[in-house]
Amino acid sequence: QVQLVESGGGLVQAGGSLRLPCAASGRIFSTYVMGWFRQAPGEEREFVAATKWSGRSTRYAVSMKDRFTISRDSAKNTVYLQMNSLKPEDTAVYSCAADPCGSYSSYDYWGQGTQVTVSS
């Protein structure tokens with residue numbers, strides 16, 4: 001069983017930056033994929049970025065890859081989402097998830113999410 005807890009959300013002005021940590025507890029294997037998703041009010045959940053726990057492979061949503069960076073610190077069992085040049089349209093609840101299969105599509109474990117609000 002894996003538990004995920006996000007933090008670091010808040011209110012930021014457009015153009016600003018935030019870093020979201022996702023602390024994982026339980027056994028995380030190098031084959032796991034850790035992902036970040038977001039959901040704005042009235043919208044469907046949207047993929048943001050993902051990485052192999054080993055760090056050897058990352059994926060990004062095309063619209064965000066130039067501004068967002070996913071990374072992980074295996075010693076701290078934490079995955080980070082660094083978000084730069086934030087825009088009001090980035091306002092959403094950001095959640096991290098774990099995919100034990102390593103397929104980038106089978107996320108079985110989810111955190112509760114953290115709210116990010118970008119003001120114009």
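Which residue in β11 is the bridge partner of Gly 10? Hold that thought for a second, everyone, and thanks for coming. A quick word before we look: this is a predicted model.

Gly 10 is bridged to Val 116 in β11. That contact belongs to the pairing of strand β2, residues 10-13, with β11, which is parallel and has four bridges. Now look across to strand β9, residues 92-99: β9 also pairs with β11, this time antiparallel, over three bridges. And here Val 116 turns up again, as the bridge partner of Ala 92.

While we are on β11, let's follow its side chains from residue 114 to 119. They alternate: Thr 114, Val 116 and Val 118 face one way and are buried.

Let's move to another sheet. This one is open, with four strands in the order β1-β3-β8-β7 and antiparallel pairing. At its edges sit β1, residues 3-6, and β7, residues 68-73, each of which pairs on one side only. On average, and ignoring direction, neighbouring strands in this sheet are turned by 20° against each other. Inside that order, β3 (residues 18-25) and β8 (residues 78-83) run antiparallel and are joined by six bridges.

How many salt bridges does a search of the whole structure find? Three. They involve Arg 38, Glu 46, Arg 67 and Asp 90, linked in a network.

Start at Arg 38. With Glu 46 it forms a salt bridge whose closest N and O atoms are 2.8 Å apart. Arg 38 is buried, at 9% relative accessible area, whereas Glu 46 is partly exposed, at 32%.

Arg 38 also meets Asp 90 in a salt bridge, at 2.9 Å from N to O. This pair links distant parts of the chain, 52 residues apart: Arg 38 is in strand β4, residues 33-39, and Asp 90 is in the loop between β8 and β9. Both of these residues are buried.

From Asp 90 we go on to Arg 67, where the closest N and O atoms of the salt bridge are 2.7 Å apart. Arg 67 lies in the loop between β6 (58-60) and β7, so its pairing with Asp 90 ties together parts that are 23 residues apart in sequence. Arg 67 is buried, as is Asp 90.

That's my tour, friends. Over to you!

Technical notes: Residues are numbered from 1 along each chain as its sequence is written. This is a predicted model: local features need pLDDT of at least 70, side-chain atom pairs count only at pLDDT 80 or more; totals for chains, interfaces and linings use all residues. Side-chain values use heavy atoms; hydrogens and water are left out. Two strands pair if DSSP finds at least two bridges between them. Helices (H or I, at least four residues) and strands (E, at least two) are DSSP runs, numbered from the N terminus. Axes are lines fitted to C-alpha atoms, for helices over the stretch in contact, and angles run from 0 to 180 degrees between N-to-C directions. Buried means under 20% relative accessible area, exposed over 50%, partly exposed in between (1.4 Å probe, protein chains only). A salt bridge is a side-chain nitrogen of Lys or Arg within 4 Å of a carboxyl oxygen of Asp or Glu.
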